[in-house]
Amino acid sequence: MNNPVKTDDLINYLVAGLKPVRRVPPLKMRLLCWLFAAVVTLGGAMIFVGTRSDLLSQLVSIKFSLPAIAIMALAFFSAVSACFLSVPGNEDSRVLPILASISLGAWVAVLGVGLITSDSTSLHAGEGLCCMRTVLIFSLPVALVLAYLVHRAAPIRLGMVGLSVAFAGAGMGALSSYLTCANDNSLHIFTWHFLPFLGVGCLGIFLGRLFDWQRGIQGGVNFK
Amino acid sequence: MGITEEQDHELRKLMLDAQSGVQDSYARALRICAEVLRGFVQRRLMDRNLVEDVVQEGLLSIHKARHSYDPSKPFAPWFFSIARSRVCDHLRKESRYRNLLRRKMDQVEESAFAHAHVNGNGIEILGSLPEKQRKVVELLKFQDLSVKEVAKRLNMSETSVKVTAHRAYKVLRAEYE
């Protein structure tokens with residue numbers, strides 16, 4: 001054996017330093033926290049950015065409400081997925097990531113149809129940057145709250161959990177932007193709402209891998 | 001060796017106590033975990049000398065994640081999930097390290113090895129190693145002999161050759177990092 005530390009000594013060391021721990025809150029509780037953060041963020045976006053003037057009339061149109069429902073479902077399933085997968089033993093579950101993927105697929109499909117059928121090819125950078133800023137700013141608080149809740153558990157598949165956290169946050173950011181932006185042009189939504197959303201998702205995979213709770217555990221020799 | 005239903009029941013109770021800070025229960029839980037973990041790791045690692053390292057890493061992970069266990073659920077899935085992750089991490093690290101070493105050794109073959117032949121002082125890169133380790137690495141990496149052939153030539157057991165090479169690689173890795 002290369003390791004000079006005996007396993008029995010390690011056990012004695014761990015037992016001697018044992019302190020009572022606060023268990024990770026149940027899934028429902030963590031989801032409620034996320035939901036609260038999501039509602040507050042969405043409310044904040046409505047107040048600080050302002051809703052589009054025709055929001056109420058648009059809500060009854062399927063063309064407008066279908067993507068909104070898809071984004072909401074995507075954010076919700078991503079949040080459930082992040083909370084559930086972050087507990088060891090649950091990481092192989094496929095149902096929740098699949099539900100989130102279906103919601104993402106629905107949003108992409110609606111956008112795709114819009115891009116194919118729309119004639120408009122103009123992009124206004126000024127307006128677009130405002131939308132992108134809204135997506136990014138309102139993603140952050142929701143993602144941070146969820147990241148805290150998830151990190152308190154002990155996620156094994158860090159990339160997947162990071163992606164779910166990012167999608168749950170970015171989904172609320174994209175929804176905020178969708179409800180406050182008056183531009184229905186599919187190319188605009190794709191470029192300034194959807195691409196930043198995807199960008200945050202990729203960032204989530206990267207950041208998720210950085211927050212490894214097992215970091216520093218090596219060879220069992222560094223426990224002192 | 002897996003976790004029997006009886007053990008699972010016992011471990012659930014022990015972990016519940018451990019979460020409230022009961023030391024005896026935690027010690028018993030960790031000892032059972034260590035035993036199961038040893039069997040689990042032994043079946044997955046080629047190098048028997050590293051088993052205890054990975055068992056200890058697993059115990060540390062269990063200690064760090066003990067708050068995430070829900071005692072109303074079976075213990076085995078939670079436990080094996082952590083155990084699997086530790087073994088995978090270890091294999092990944094090993095593979096990364098072997099690749100790095102292979103690359104470095106290739107460089108050595110191109111430059112240092114040629115230089116070493118010229119000045120006749122042996123391979124420079126291996127200069128910091130004790131004689132026995134240097135000989136093993138030379139035969140394995142520069143003369144492309146198999147572990148069996150090296151063991152025969154140096155009158156050592158195959159396990160001993162692997163352990164010696166592993167120790168030498170560790171020293172080399174530390175030098176390169």
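Trainee: How many salt bridges are there over all chains?

Mentor: Keep in mind that this is a predicted model. A pair counts when a side-chain nitrogen of Lys or Arg lies within 4 Å of a carboxyl oxygen of Asp or Glu. By this rule, the count over all chains is 12 salt bridges.

Trainee: And what is the count between chain B and chain A?

Mentor: One pair to look at is A:Asp92 with B:Arg84, whose side chains meet at 3.7 Å, N to O. Another is A:Asp8 with B:Arg31, where the closest N and O atoms are 3.1 Å apart. Between chain B and chain A, the count is three salt bridges.

Trainee: Which helices does the pair of A:Asp8 and B:Arg31 link?

Mentor: This salt bridge crosses between chains. On one side, A:Asp8 sits in helix H1 (residues 7-16) of chain A.

Trainee: What about chain A by itself, how many helices and strands does it have?

Mentor: Picture its C-alpha atoms in a box of roughly 70 × 30 × 30 Å along the principal axes. Read along the sequence, the pattern is α-α-α-α-α-α-α-α. So the secondary structure, counting helices as DSSP runs of at least four residues, comes to eight helices and zero strands.

Trainee: Are H4(A) and H5(A) roughly parallel or roughly antiparallel to each other?

Mentor: H4 covers residues 62-85 of chain A and H5 covers residues 95-117 of chain A; their axes come within 8 Å and cross at roughly 160°. Angles over 145 degrees count as roughly antiparallel. The crossing is left-handed, by the way. H4(A) and H5(A) are therefore roughly antiparallel.

Trainee: How many nonpolar, polar and charged residues does the contact of H4(A) with H5(A) have?

Mentor: From H4(A), the residues making the contact include A:Leu66, A:Ile71, A:Phe77 and A:Ser78. From H5(A), A:Leu99, A:Ser103 and A:Trp107 are among them. Sorted by class, the contact has 18 nonpolar, three polar and no charged residues.

Key: Residues numbered from 1 in each chain as written. Chains lettered and ligands numbered in written order. Predicted model: local features only at pLDDT ≥ 70, side-chain atom pairs only at ≥ 80, totals over all residues. Heavy atoms only, no water. Axes fitted to C-alpha atoms, helices over the stretch in contact; angles between N-to-C directions. Helix = DSSP H or I, 4+ residues; strand = E, 2+ residues; numbered from the N terminus. Parallel < 35°, antiparallel > 145°, perpendicular 65-115°, else oblique. Left-handed = near helix turned anticlockwise from the far one by under 90°. Contact = heavy atoms within 4.5 Å. Nonpolar A, V, L, I, M, F, W, Y, C, P; charged D, E, K, R; others polar.
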